[in-house]
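Visitor: I am new to reading structures. Could you walk me through one?
Guide: Gladly, let us look together.

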Amino acid sequence: MTSPHLLWLLSGVGGILVLASILGEILRQRLSPDGTNPVIENLNARIAAWWVMVILLSIAFLAGKPGVVLLFALCSFAALREFLTLTTHNRGDHWSLVACFFLVLPLQYYFVLIDWYGMYAVFVPVYVFLLLPVLSALRGSTKDFLVRVSETQWALMICVYCISHVPALLYLQIPGFEGRNVILIAYLIFVVQLSDVMQYVWGKLLGRTKIAPTLSPSKTWEGFIGGSLTAILVGTSLWWMTPFTMAQAAGMCLVLTLMGFFGGLVMSAIKRDRGVKDWGHLIAGHGGFIDRLDSVIFAAPIFFHVTRYYWSLT
Amino acid sequence: MSARFRSLAASLTGQAISVFARFMTAPRAIWQGIEPVPRQRVYFANHSSNGDFVLLWTVLPPGLRRQTRPVAALDYWLKSPLRAFIGREVFNAVLIDRRPEARVADPVAQMVEALDQHASLILFPEGQRNSSDAALLPFKSGLYHLAKSRPEVDLVPVWIANLNKVMPKGEIIPVPLICTLTFGAPLHLSADEAKDAFLARASAALLALAPGAPT
């Protein structure tokens, strides 16, 4: 699945990370020699975690379709574990929750793996939506029933359905782009995460005006505009490795950065409501899987469907 | 089976159980009142699931894990050969008999003996799994007797959150949810502190670590 373009993109990301690591070390020596400045320590933890994430993603790309499907299935598992830890459920939901992890999740990714679009596009929103509440209903507990089944369904849509659209990009059939679909995944993740990172950087440098003070103290207009514009500029300049023209790439990057931003906003609202700062603790410096994936979760299905509708044969 | 094979099997089984526990619960240790350093300690925790001591054991750094032994009920862990293997050889449990009429050894003496061999202990002072609505059942007196016999040992409260939702009593398949273990500040028996007062203080110290407890 490797193509010269993918190698260039990965080398570019590697270069950015080398630069970031050097910068992080200089900042540490200047501002936090004894390791006590929390912002600098967090920055370096984030950069270290980025190395791990990029390396894992590269290995999955090398392993081909099954590797990519497996990697995102595991991401879904970790995300679902974080999400359902914070939702409302009681003992009557035990079988529904077990089914979410050990039936719904593997089936959704299996349908992606065998490229059964007609099934994976409706499995969670139709079949699971209708059948899963039956399991909870049969156990007889009616307390908070609607809240319990709605929150479980939301968890599946966010953590399983949306994330599964990332590996599904491998199966689009775009004339003239055969054998290079992995670029679509790399491009989606690169633009969305670059936007996230640059929003963080611009926000730290000149962030003044908070967009939604009740939701997140770190989201500012300066950070949002600076970060999105940077990501759109860089993403557009890479149009030659995508199936898009330069103007189309610019439009696509605008959609990606907007959806990514919305993802961060909505997931922050949920965290605020549940009184937690992070979804989890497994990705040092970042928090949980959902903290890192929130923007990709919102961008992936839209990117998939727009690309499929306008460029794909299937 | 040769002794070497059994000990290898025990070590691998321990690793496998620990990996499985991490997969299901991504356990997070919050060292709120102490640091994970090699000091002799009695970790005492709330008990809502059979997985409690496994999870506590899993989040300890490997060096501490080797010298930490759970205190467990003999009538449960000797019921089948598999359980006996896991209890005795994998976790090196101090097996005590909860039935006063049947026992041949005094549980407190067994625990003190383990402490004198430089082990740390994992203890569930409620004495049984709590499936009631109360946050904690009343403590048995073993913790007090330990504190009295070996006053220099740190008694560390550990609140295990969410594990009862991973595997509610009576269910067979666990559901993956994140569990948190909060380690509090160590307790010691004060001079002239009575048994009931000490047990109440230990129970309150443990309860104060529960999520949502008033700080």
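Visitor: Which residue stands opposite Thr180(B) in S7(B)?
Guide: Ala161(B) stands opposite Thr180(B). This is a predicted model, where local features need pLDDT of at least 70 and side-chain atom pairs count only at pLDDT 80 or more, while totals for chains, interfaces and linings use all residues. Residues are numbered from 1 along each chain as its sequence is written, and chains are lettered from A and ligands numbered from 1 in the order in which they are written.

Visitor: How do S6 and S7 of chain B pair?
Guide: Two strands pair if DSSP finds at least two bridges between them. Here S6 (residues 154-161) and S7 (residues 180-183) of chain B run in the antiparallel sense over 4 bridges.

Visitor: What is the order of the strands in the sheet?
Guide: Strands (E, at least two residues) and helices (H or I, at least four) are DSSP runs, numbered from the N terminus. In chain B, 7 strands form an open sheet with mixed pairing, in the order S1-S7-S6-S2-S5-S3-S4. Its edge strands, S1 (28-31) and S4 (94-96) of chain B, each pair on one side only.

Visitor: At what angle do H1 and H2 of chain B pack?
Guide: Angles run from 0 to 180 degrees between N-to-C directions, and axes are lines fitted to C-alpha atoms, for helices over the stretch in contact. H1 (residues 3-25) and H2 (residues 52-59) of chain B pack at about 95°, with axes 10 Å apart. That makes H1(B) roughly perpendicular to H2(B), a label for 65 to 115 degrees.

Visitor: Which residues of H2(B) make the contact?
Guide: Contact means C-beta atoms, placed from the backbone, within 7 Å. Val54(B), Leu55(B) and Thr58(B) of H2(B) meet H1(B) residues including Ile17(B) and Arg22(B).

Definitions and conventions
Angles under 35 degrees count as roughly parallel, over 145 as roughly antiparallel, 65 to 115 as roughly perpendicular and the rest as oblique. Two residues are in contact if their C-beta atoms, placed from the backbone, lie within 7 Å.
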